Amino acid sequence: MRPIHKYLALVGLVCTATLAAAAGEELLPPTEAYLYSVAADADTITLNWEVQPGYYLYRAKFGFDSLTPGIRLGPAELPAGKLKVDEFFGEMEIYRGSFQLRIPVTREPGAPREIQLQIRSQGCADIGICFPPQKWVRSITLPAAEKANQSADLLQLFGSDAERQLQGEILPPEQAFVLSAQLVSEGLLQVRWDIAPGYYMYRDKFRFDARPDSVQLGTAQFPGGRFKEDEYFGRSEVYFSRLEVLLPIAVSDGELDEFLLLTESQGCKEDGICYPPFSQDAPVALSAAMSAVLPGASVAPAKISEQARLAGLIRDSHFAWVMLTFFGLGLLLAFTPCVLPMIPILSGIIAGQGENVSTRRAFLLSLTYVLGMAVTYTVAGATAAVFGQQMQAIFQQTWIVVGFALLFVALALSMFGLYELQMPGAVQSRMSELSGRQRAGTYIGTATMGVLSALIVTACVAPPLVAALAVIGQAGEPARGAGALFAMSLGMGAPLLVVGASAGKLLPKAGAWMNAVKAAFGVMLLAVAIYMLERVLPHAITMFLWGALLVITGLFMGAAKALDGAISGWHRFWRAVGLIMTAYGLLILVGVAVGGNDTWRPLRGTVLSGDPAGVEHGLAFERIKSVADLDAAVAAASARGQAVMLDFYADWCVSCLEMEKYTFTDPDVQTALAGSLLLQADVTANDEQDKALLQRFRIYGPPTIAFYDTQGRELEGFRVVGYMPAEEFATHVREALAAGR
């Protein structure tokens with residue numbers, strides 16, 4: 001009964017959220033509903049929490065862990081909460097508004113001063129939604145003991161910022177928006193603001209400069225913010241809690257040890273004042289490895305991932321240009337292995353109409369199929385972005401994939417003339433009465449096939465798809481993101497319209513040729529069925545199926561028949577093609593028998609190849625399952641000064657299998673990754689831990705690859721989404737690891 005209970009709880013959660021939205025209540029994500037700031041001395045970490053109105057946190061659900069070896073935490077000092085009879089947990093103590101927690105810290109001799117603090121918490125919204133348990137990791141630098149004592153003396157004299165904040169006083173800007181800056185790699189500066197709870201900063205109000213003039217600054221790269229209807233500036237993109245900006249720099253003075261970063265910005269206090277533009281300065285120490293750049297040389301821009309660049313295009317460009325760009329990107333995606341199986345599906349539908357199909361009817365059927373696919377992509381994508389779920393992963397369960405493959409087999413057998421698929425006579429009669437023609441049912445069925453194909457056949461992600469989902473789910477621009485997604489879907493379907501119209505024009509209208517064409521489309525549908533079963537069956541079985549299909553098809557094309565001088569040139573040509581298919585199919589079957597595992601090179605690595613050791617080996621990944629596993633592995637690698645690559649993988653992801661087979665087996669790629677910790681998250685099951693891990697990175701499915709520097713920080717600009725060839729990936733890896741040193 002537990003799965004039913006979970007399902008009912010999920011339905012209740014969705015219904016409650018829908019009612020809340022209808023009532024004008026916008027549900028905040030936990031990262032915005034529960035804000036906190038950090039203060040630390042040598043032996044204590046202080047967390048100042050600001051819970052937004054309409055939300056609360058459970059006292060008993062707090063937990064704290066040190067992910068840094070050599071640093072231990074004592075029992076946290078929690079203030080008393082208010083009692084609440086909670087519908088989820090019974091009588092509980094809860095926190096609302098502002099409160100403060102203290103955590104004792106003990107450092108062993110030689111331990112680092114920077115601690116990776118994991119914060120566990122759980123809370124609810126008053127509208128009746130209880131968030132799942134949250135795990136956040138924060139890097140905190142512990143001051144030296146002498147400085148900590150000096151800070152304590154100052155706090156006694158003047159009072160802490162947190163205490164002043166709790167008393168409702170307006171903080172001065174330098175305390176509400178705490179600036180820091182440091183070099184994160186050669187030529188790249190990270191500028192950070194720690195923003196006090198209840199305050200925010202405007203994205204378009206930032207200005208940067210540097211002194212002396214021998215330091216040149218490039219174009220600042222901002223993360224996506226949150227859109228807010230502001231009483232001072234109208235609809236504005238703002239930042240809460242923390243902001244990290246990447247700023248490219250170049251230095252023409254090789255003797256310079258330090259420079260001064262000058263910033264100008266503007267921010268406000270919620271339900272309070274709006275500060276005038278204010279200036280802040282931060283000294284920046286130059287790394288000894290910082291290479292000099294000749295005066296007048298251009299500053300290289302910071303690395304931006306492809307999906308982030310496209311997300312910015314959706315947000316900031318004219319909507320017509322967005323639609324045109326994503327239509328073009330969809331055209332490119334139409335020729336990937338994830339979309340190509342749709343061609344035989346649609347062609348089979350058209351060929352199944354019989355010998356009198358017209359160009360107009362074929363085109364309308366194709367358009368119906370494409371629109372069904374496009375609407376499904378848009379709706380499912382928007383749902384995935386809002387709820388953070390892999391909608392396609394739900395449809396990659398074994399029984400669904402096998403069922404859909406059997407449907408294609410049934411369609412193929414009907415193409416071979418074994419039987420005729422048609423609606424029951426009663427339904428046909430009713431359709432005839434309503435429309436006079438039995439065509440409406442065909443269009444409904446075609447649209448249904450388009451819907452199912454979008455969910456099941458094309459289980460891949462790519463930078464344009466991720467960009468559109470990010471804009472829908474994070475940037476507060478659902479209409480623009482959905483529009484880009486729809487345009488991309490139409491681009492993916494455009495070649496299908498050409499195929500449909502061509503099929504209607506080129507297919508013979510009668511005779512044996514029509515039967516031959518239908519049989520050819522039947523073979524294509526069988527190929528699609530095998531292609532889908534590759535996700536759930538052992539590779540040896542699918543290799544056997546491919547070999548059997550090629551041999552049987554070749555024999556039916558006349559491969560075993562003797563050539564007769566009376567036959568035409570076309571018949572000779574098709575028999576030759578059949579002979580080649582039969583020979584290659586037999587080669588695949590032999591490869592299966594002797595232990596081969598490559599459909600394209602069936603004898604490679606077997607005893608028949610003369611090189612049994614020639615089997616290509618992939619990367620040796622360490623598997624992780626949860627966010628906690630990831631944090632622990634990254635923290636351990638950081639302590640060793642080791643970079644990290646994290647690969648998101650799923651058995652049903654075609655591009656993941658391509659990366660495994662063609663990219664990760666490349667010697668150049670393996671050499672580039674030597675010395676790095678290789679982690680892999682298998683999200684095939686799409687369970688709660690998989691969803692939490694994907695949500696941590698705000699991604700929507702595999703293949704996605706993330707890189708961490710030696711300090712345990714993700715290099716977001718170097719994320720890889722979708723398939724990347726080996727040569728390009730090896731270059732990308734070297735750039736990422738160089739930036740992370």
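This is a predicted model: local features need pLDDT of at least 70, side-chain atom pairs count only at pLDDT 80 or more; totals for chains, interfaces and linings use all residues.
Guide: Residues are numbered from 1 along each chain as its sequence is written, and side-chain values use heavy atoms, with hydrogens and water left out.

Visitor: What makes strand 25 largely enclosed by the rest of the structure?

Guide: Buried means under 20% relative accessible area, exposed means over 50%, and partly exposed lies in between, with a 1.4 Å probe and protein chains only. In strand 25 (residues 677–682), 6 of the 6 residues are buried, so the strand is largely enclosed by the rest of the structure. In a regular strand the side chains alternate between the two faces of the sheet. Here Leu677, Leu679 and Ala681 point one way, while Leu678, Gln680 and Asp682 point the other way, and all are buried.

Visitor: How do you know which strands pair with strand 25, and in which sense, parallel or antiparallel?

Guide: Strands (E, at least two residues) and helices (H or I, at least four) are DSSP runs, numbered from the N terminus, and two strands pair if DSSP finds at least two bridges between them. Strand 23 (residues 622–624) pairs with strand 25 in the parallel sense over 3 bridges, and isoleucine 624 has alanine 681 of strand 25 as its bridge partner. Strand 24 (residues 644–649) pairs with strand 25 in the parallel sense over 6 bridges, with methionine 645 partnered by leucine 678.

Visitor: Why does one side of strand 15 and of strand 22 have no neighbour in the sheet?

Guide: The sheet is open and has 3 strands in the order 15-20-22, with antiparallel pairing. Strand 15 (207–211) and strand 22 (278–285) stand at the edges, and each has a single partner strand, so one side of each is left without a neighbour in the sheet. Neighbouring strands here are turned by 25° against each other on average, direction ignored, where axes are lines fitted to C-alpha atoms, for helices over the stretch in contact, and angles run from 0 to 180 degrees between N-to-C directions.

Visitor: How do you know that the span of helix 19 agrees with its number of residues?

Guide: The expected span of a helix is 1.5 Å times one less than its number of residues. Helix 19 (residues 627–639) has 13 residues and should span 18 Å, and its end C-alpha atoms are 18 Å apart, which agrees. Its buried residues are Val627, Leu630, Asp631, Ala633, Val634, Ala635 and Ala637. Glycine 641, which follows helix 19, has a positive phi near 70°.

Visitor: Why is one space called a cavity and another a pocket?

Guide: On a 1 Å grid over the protein atoms alone, a cavity is a set of points where a 1.4 Å probe fits but cannot get out, whereas a pocket is an open set with protein on both sides within 12 Å along at least five of seven lines, and lining residues have an atom within 4 Å of a point. Grid points are joined across faces, edges and corners, and a volume is the space filled by probe spheres set on the points. The structure holds 2 cavities of 30 Å³ or more, and the second largest cavity has a volume of about 30 Å³. The second largest pocket has a volume of about 1500 Å³, and 39 residues line this pocket.

Visitor: What makes up the lining of the second largest cavity?

Guide: The lining residues are Ala334, Phe335, Val339, Ile343, Met492, Pro495 and Leu496. Ala, Val, Leu, Ile, Met, Phe, Trp, Tyr, Cys and Pro count as nonpolar, Asp, Glu, Lys and Arg as charged, and the others, Gly among them, as polar. By these classes the cavity lining has 7 nonpolar, no polar and no charged residues.
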